[in-house]
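Hi,

Here is the structure I promised to pass on.

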Amino acid sequence: MLAAAPVPSVFNGTAEVLAMVVLLATFAMFRTQLLRAQVKLYAVQSLFVSGLALAAAVTRGESELYVLAVVSAAVKVVAIPAVMRRLLDRIDGSLAGHEAFSVTTAVLVGIAVAAFGFFAVGALEVRTALLPRAALAIGVAVILESFLLMIARTDVPSQAIGFFSLENGVSIAGLVVATGMPLLLELLFLFDLLVAVVAFGVMMRTLHLRSATVSARGLERLRG
Amino acid sequence: MVLSPAAIQALQVATVLFGAPLVQGVIARVEARLQGRRGPRVLQPYYDIAKLFSKETLWPDHATWVFLAAPVVAFCCYLIFPLLIPVLTTYGLPLGYIADIFGSGFVLALAAFAVALAAAESGAPYAQLGSSRAMTFAALGEPIFLFVVFAVALITATDLPYVEAATVRASVAQIVRPAHLLAAAAFFLLMLSDTGRIPVETHSGTLEFGMIDEARTLEHSGPLFALLKWGSAMKQLLLYTVFINVLVAPWGLASTGAPGDVVWAIVSLLGKAILLGCAVAVIDDSFAKLRLFKVAGFMAAGFLLAVLAVLVLFLGAG
């Protein structure tokens with residue numbers, strides 16, 4: 001007879017739900033056409049990542065984790081979305097992203113990719129101290145989904161959002177496997193992200209100045 | 001005094017039979033209020049059904065007995081379904097175990113099949129269009145239902161609705177586990193599409209091109225049409241009951257046969273169904289209807305939630 005699946009504790013269940021919302025936000029980015037709505041989704045996603053950090057902080061009682069939760073919320077929920085919005089303001093005329101294939105196809109491929117991520121992590125014997133192991137699997141799935149998002153979209157703003165949400169997946173995985181990682185290292189990651197924002201911003205603007213579009217399609221043509 | 005299980009079972013059917021139009025009437029009223037209209041009386045669906053029963057039955061020239069039998073078959077299916085799910089009690093009633101969740105799904109599918117067959121039989125273009133659309137989207141909804149059942153089976157090691165409800169009642173940990181929440185959310189999306197709600201369909205629209213479920217019954221009239229209307233109200237309440245009493249809020253059910261408990265169970269079920277209906281009405285008023293080609297994307301979203309529920313369970317957690 002089939003045995004009932006074990007029940008996670010209330011804390012583990014909640015942590016898994018928080019991580020799952022982050023994954024669902026990545027899937028929602030596939031479905032969202034408007035670039036501004038994508039930025040908003042990214043802010044929501046980051047909020048839940050910070051929430052996960054806060055949950056870890058509360059159970060562990062480490063001040064470093066509190067600092068991390070606050071700083072990551074300030075950077076990823078407030079600062080980066082604000083910068084992205086300003087960048088989008090300057091690029092008038094392009095409100096919606098471009099898709100390489102249809103939303104339904106993207107979601108179905110996304111399910112397969114997420115399943116791969118889940119089982120790949122399930123095969124690893126990773127022991128985790130604080131957050132449940134399922135959260136690690138979900139984090140890896142977020143990373144893979146973000147890759148897929150960057151492939152499925154051909155415009156630079158969507159690809160930038162995909163890259164940022166990839167960093168959110170890395171944050172979740174980092175929280176699970178290395179909760180006690182030195183704060184300095186985590187902060188470095190965040191500043192890395194700021195560099196990426198600047199790089200994507202420059203790319204968006206140059207592309208827009210040169211070809212009056214943010215679609216990366218124009219970069220595929222060779223010019224002699 | 002204690003009510004016998006058979007009496008309670010009969011009461012389950014009666015609750016759904018006579019409560020469904022009331023729930024529908026309240027939802028219609030709330031919806032009208034949200035749109036700034038006064039709206040019909042809460043009891044209007046009862047008057048509509050009574051009026052239709054006193055009208056004569058007309059049918060298309062070339063229609064056969066299938067056209068006339070289908071509404072009765074569908075109605076009977078909706079009368080059988082409440083025997084199989086926990087409508088009023090926490091414990092299984094005598095006929096409660098004759099079918100599991102799959103079996104109950106088949107009963108609902110048979111009803112939908114009968115109505116679709118009658119629509120095809122009528123030979124009218126709009127009815128046929130509705131029936132073909134309804135069948136197409138039902139086929140897309142099937143995998144969602146399957147994966148929700150798989151998730152429930154992995155959580156409880158059975159596929160009996162009573163056991164799932166008992167599991168949810170057992171502890172907070174069972175409620176916040178992601179598999180349960182994802183499966184419930186997937187079932188909610190399936191319920192929206194099966195009850196003909198936005199974002200899949202406007203149930204109150206009069207434009208045939210946008211119709212799915214509503215278009216199937218365009219050729220029926222008189223008592224048979226009354227049965228179809230009543231049946232669709234019952235289907236709505238039945239799906240709400242599964243959502244509430246199996247997945248989301250299985251509280252307020254009678255755990256003994258005491259008449260007071262059973263009456264309270266009836267009142268609380270109708271109350272919860274009306275609350276859920278209000279939530280659905282708010283969704284109805286805050287979103288636009290999807291273009292027909294986008295419905296597949298909506299179904300894909302439901303499928304995603306249901307598959308993730310099963311995947312999380314396979315991770316050994318969730």
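**What I found**

Phe200(A) is buried, at a relative accessible area of 14% (buried is under 20%, exposed over 50%, partly exposed in between, with a 1.4 Å probe and protein chains only). Before I go on, the ground rules: this is a predicted model, where local features need pLDDT of at least 70 and side-chain atom pairs count only at pLDDT 80 or more, while totals for chains, interfaces and linings use all residues. Residues are numbered from 1 along each chain as its sequence is written, chains are lettered from A and ligands numbered from 1 in the order in which they are written, and side-chain values use heavy atoms, with hydrogens and water left out.

Back to Phe200(A): its ring makes an edge-to-face pair with Phe164(A), 6.1 Å centre to centre and with 85 degrees between the planes. For pairs, the ring centres of Phe, Tyr or Trp (its six-membered ring) lie within 6.5 Å; planes under 30 degrees apart are stacked, over 60 edge-to-face and the rest tilted. The two residues sit 36 apart in the chain, Phe164(A) in helix H6 and Phe200(A) in helix H7 (residues 183-211) of chain A. Helices here are DSSP runs (H or I, at least four residues; strands are E, at least two), numbered from the N terminus. Phe164(A) is buried too, with 0% relative accessibility. Together with Tyr42(A) and Phe163(A), these two phenylalanines form one aromatic cluster. Over all chains, the count is 13 aromatic pairs.

Next, the helix packing in chain A. H2(A) (residues 35-60) packs on H6(A) (residues 156-177) at about 10 degrees, with the axes 10 Å apart. Axes are lines fitted to C-alpha atoms, for helices over the stretch in contact, and angles run from 0 to 180 degrees between N-to-C directions. That makes H2(A) roughly parallel to H6(A) (under 35 degrees is roughly parallel, over 145 roughly antiparallel, 65 to 115 roughly perpendicular, the rest oblique). Among the residues that meet are Tyr42(A) and Val49(A) from H2(A), and Ile161(A) and Phe164(A) from H6(A); contact means heavy atoms within 4.5 Å. By class, the contact of H2(A) with H6(A) has 11 nonpolar, 7 polar and no charged residues. Ala, Val, Leu, Ile, Met, Phe, Trp, Tyr, Cys and Pro count as nonpolar, Asp, Glu, Lys and Arg as charged, and the others, Gly among them, as polar.

H2(A) also packs against H3(A) (residues 63-90), at about 175 degrees and with 8 Å between the axes. This pair is therefore roughly antiparallel. The contact of H2(A) with H3(A) has 20 nonpolar, 3 polar and 5 charged residues.

Ile91(A) is in the loop between H3 and helix H4 (103-123) of chain A, and is buried at 5%. Leaving out residues up to four places away in sequence, Ile91(A) touches Met204(A), His208(A) and Val214(A). Thr213(A) is 122 residues from Ile91(A) in sequence and 8.4 Å away in space, C-alpha to C-alpha.

A few things from chain B:

- Ala157(B) has a positive phi, near 65 degrees, and lies in the loop between helix H5 (125-156) and helix H6 (161-170) of chain B. Most residues other than glycine have a negative phi.
- Asp213(B) is buried at 17%, in the loop between helix H8 (178-194) and helix H9 (222-248) of chain B.
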